[in-house]
Amino acid sequence: MLQVRELALSYGAIAAVRGVDLAVGAGERVAMIGANGAGKSTTLKGLAGSLRPVSGSIRIDGEEIGHLPAHARVARGLSLVPEGRGIFARLSVDENLDLGAYLRRDRAGVRADLDRMFDLFPRLAERRHQLAGTLSGGEQQMLAIARALMSRPRLLLLDEPSMGLAPLITLRIFDTLRAVSAERVAILLVEQNARAALELATRAYVLESGRITLTGMSAELLTSDAVRQAYLGE
């Protein structure tokens with residue numbers, strides 16, 4: 001579904017991503033791991049449209065989208081859960097979720113998906129009228145994921161969903177992502193917790209200094225000496 005070829009991204013004169021190739025199939029779970037500053041978050045920004053590529057190709061179902069603004073990419077099935085969650089703190093949980101569906105006109109479908117989000121995240125149902133800025137860190141992450149899902153994406157991009165969360169909350173978040181994946185939503189996950197990322201994904205890329213240096217099935221990478229020493233603390 002997603003095909004990326006020779007993607008290059010920069011911040012001014014600073015090259016952050018250099019010639020990245022990657023792919024995500026329909027309903028597939030793919031992880032991207034690497035050290036801080038490797039270019040993982042930058043890659044997601046380039047895919048989502050918040051950073052314009054210097055060169056390269058980004059295609060969804062064969063259509064080139066690298067020139068499109070972010071909202072047009074959402075319309076084509078991409079949705080980003082940004083690092084730091086990016087919720088609207090002064091709006092309620094309900095209002096944040098409504099904004100996730102801002103491109104949709106199927107009101108009955110939006111209402112049905114809202115109920116689905118509250119099934120996935122019962123804590124949000126309890127706090128639906130509460131200001132998002134007053135939620136706990138874990139609840140805010142749940143809200144960020146639910147808001148992204150309200151656009152009915154075919155590919156969910158997640159940037160560091162476990163950041164700042166307690167281990168138990170992280171487990172709940174990742175269990176929910178497995179449930180989302182079971183509904184044929186593809187996932188591209190950037191995650192500093194390499195073990196959790198590899199255990200969730202079926203396939204993964206290792207990014208170093210803006211380049212992909214290793215790719216393979218997650219089960220294989222979990223047993224790779226290089227990956228274990230560099231990213232798993234073994």
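Q: Does Gly84 count as buried or exposed, and at what relative accessibility?
A: Buried means under 20% relative accessible area, exposed over 50%, and partly exposed in between, with a 1.4 Å probe and protein chains only. At 58% relative accessibility, Gly84 counts as exposed. Gly84 belongs to the loop between S6 and H3. Across a sequence separation of 79 residues, the C-alpha atoms of Gly84 and Met163 are 7.7 Å apart in space.

Q: What should be kept in mind about the origin of these values?
A: The model is predicted: local features need pLDDT of at least 70, side-chain atom pairs count only at pLDDT 80 or more, and totals for chains, interfaces and linings use all residues. Residues are numbered from 1 along each chain as its sequence is written, and side-chain values use heavy atoms, with hydrogens and water left out.

Q: Which residues have a positive phi although they are not glycines?
A: Most residues other than glycine have a negative phi. Here, Arg85 has a positive phi of about 80 degrees, and Glu6 has one of about 50 degrees. Arg85 is placed in the loop between strand S6 (78–81) and H3, and is buried, with a relative accessible area of 13%. Glu6 lies in strand S1 (residues 2–11).

Q: How many helices and strands does the chain have?
A: Helices (H or I, at least four residues) and strands (E, at least two) are DSSP runs, numbered from the N terminus. The chain has 10 helices and 10 strands. Its radius of gyration is 17 Å, close to the 17 Å that the globule rule gives for 234 residues, so the chain is as compact as a globular protein of that length. The radius is taken over C-alpha atoms, and the rule is 2.2 Å times the number of residues to the power 0.38. Of the 234 residues, 52% count as buried.

Q: How many residues of helix H1 are buried?
A: Helix H1 (residues 40–48) is mostly covered, with eight of its nine residues buried. Among them are Lys40, Thr42, Leu44 and Leu47. After H1 comes Gly49, with a positive phi near 100 degrees.

Q: At what angle do the axes of H6 and H7 cross?
A: Axes are lines fitted to C-alpha atoms, for helices over the stretch in contact, and angles run from 0 to 180 degrees between N-to-C directions. The axes of helix H6 (residues 137–149) and helix H7 (residues 167–181) come within 10 Å and cross at roughly 15 degrees. That makes H6 roughly parallel to H7, a label for angles under 35 degrees; over 145 is roughly antiparallel, 65 to 115 roughly perpendicular, and the rest oblique.

Q: Which residues make the contact of H6 with H7?
A: Contact means heavy atoms within 4.5 Å. H6 contributes Gly138, Gln141, Met142, Ile145 and Leu149, while H7 contributes Ile169, Ile173, Leu177 and Val180. By class, the contact has seven nonpolar, two polar and no charged residues. Ala, Val, Leu, Ile, Met, Phe, Trp, Tyr, Cys and Pro count as nonpolar, Asp, Glu, Lys and Arg as charged, and the others, Gly among them, as polar.

Q: Where does H3 meet H6?
A: The axes of helix H3 (residues 93–100) and H6 come within 7 Å and cross at roughly 35 degrees. Val93, Asn96, Leu97 and Gly100 of H3 meet Leu143, Ala146 and Arg147 of H6. This contact has four nonpolar, two polar and one charged residues.
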